Amino acid sequence: MPTVARTLLGGYAFLLLLLPVLWTMFGENYWPLILLRYAPGVIFLVPLLPLMAMARDRIAWGFAAVSVFLVVSNLMGLQARIGPTTPGEFSAMTFNIRAGLGGPKEIGEFLKRQSVDVIALQEARAPMSDLKADPMTAIQDSLEGYSMARGGLRSELVLLSRHPIVSFSEFSLGGLSKALDARVTIEGRTVRFLTVHFMTGDPLKTLSTGGHGRFEWLNLTARSRRTQFLALSDLLREEVPTVLLGDFNTPPNSEGHARLSINMVDSFGAVGKGFGYTYRSDWPVWRIDNIWLSGDLIAKRSEVVASELSDHRPVTTFWDFGQSPPVGRLKKEHPTTTSNRP
């Protein structure tokens, strides 16, 4: 029995080491790799429990320790930062509010208590059960002093700012979702705040006619994410200090996350502590809501805020300008269409 446990634990540790290599080589082109990539990281601990119970020698326990470390650090995304972090002069929050079903007034009061400079909301639309019940009316009533930009599918993307919003517009992300682009003046500098809510699954209903393989949905959802990330990457080429916020429906070990990491900084990955799970709020096992900063902005602290007003938990990041932030060069004019009411 100890030999069997040692062999199985060694093989499992090798598999955990091999997975990142396979993801790098094949990306998200095959459904088994997609399934493993988007599964909650804690699932990878389950096979270890019976194997660890069988372990009887130091070699087996060594393999078990390596496996646990790989799961917790690589697959569960534990951020173990050493030393204190500083608040930062400016703050931003992203929050998917699930159509305000937790109570628009309660959400507004919660956001007021957070006292952040800029708030990005997703699913800030009326619920399907009552298309006239816009949650933003009550939310704005609680947030005196904030101006608003709004767009996206069914006006679900909202940006609220204590600093002046000088213009905003929206862009299509491959025809699957929208990006709300708001230009905000902070201490005389223009900062772009991009708010997104990635669609996943089969948003265009291309599989509704049937006749597809059982796992085609997984392949399609990977292609949908890739399409949106590619379109977003094009938007990020503009040279202007940028804060990217939203519900990406994508964990940190995904292909899209790696693509954004080329030119942007995942604020929680840089200065957060713990797992940073945002979904679901009542039993969080995924980190899919993020705040990204361009290189001319410096993340100081990032944290997930405990709340069950939605099925997502909000993320707050504190940041500063770099020592010599570049001047943003706008490639196109954006009409001034700010509003204090939807």
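I looked up Glu 28 to begin with, and it is buried, with a relative accessible area of 4%. I note that the model is predicted.

Next I checked what Glu 28 pairs with. Its side chain meets that of Arg 37 in a salt bridge, 3.9 Å from N to O. The cut-off for a salt bridge is 4 Å. I found Arg 37 buried as well, at a relative accessible area of 8%.

I then asked how many salt bridges the structure holds. I wrote down 14. As a reminder to myself, side chains of opposite charge can pair when their charged atoms come close.

Another pair I looked at is Glu 123 and Arg 125, whose closest N and O atoms are 3.6 Å apart in a salt bridge. Both Glu 123 and Arg 125 are buried.

I moved on to Asp 134 and Arg 150, where the salt bridge has an N to O distance of 2.9 Å. Asp 134 sits in the loop between strand E2 (118-122) and helix H6 (136-142), while Arg 150 belongs to strand E3 (residues 147-151), so the pair ties together parts that are 16 residues apart in sequence. Asp 134 is partly exposed at 25% relative accessibility, whereas Arg 150 is buried at 15%.

I also noted a network of salt bridges that links Asp 181, Arg 183, Arg 192 and Glu 238.

Last, I turned to the surface. Val 21, Met 25, Phe 26 and Tyr 30 form a nonpolar patch there, and together they have about 400 Å² of accessible area. I placed Phe 26 in helix H1 (residues 2-26). Phe 26 is partly exposed, with a relative accessible area of 33%.

Methods. Residues numbered from 1 in each chain as written. Predicted model: local features only at pLDDT ≥ 70, side-chain atom pairs only at ≥ 80, totals over all residues. Heavy atoms only, no water. Patch = residues over 30% accessible without salt bridge, like charges linked within 9 Å, V, L, I, M, F, W, Y side chains within 5 Å. Areas by Shrake-Rupley, 256 points an atom, 1.4 Å probe, with all protein chains shown as cover. Helix = DSSP H or I, 4+ residues; strand = E, 2+ residues; numbered from the N terminus. Buried < 20%, exposed > 50% of the residue type's maximum accessible area, 1.4 Å probe, protein only.
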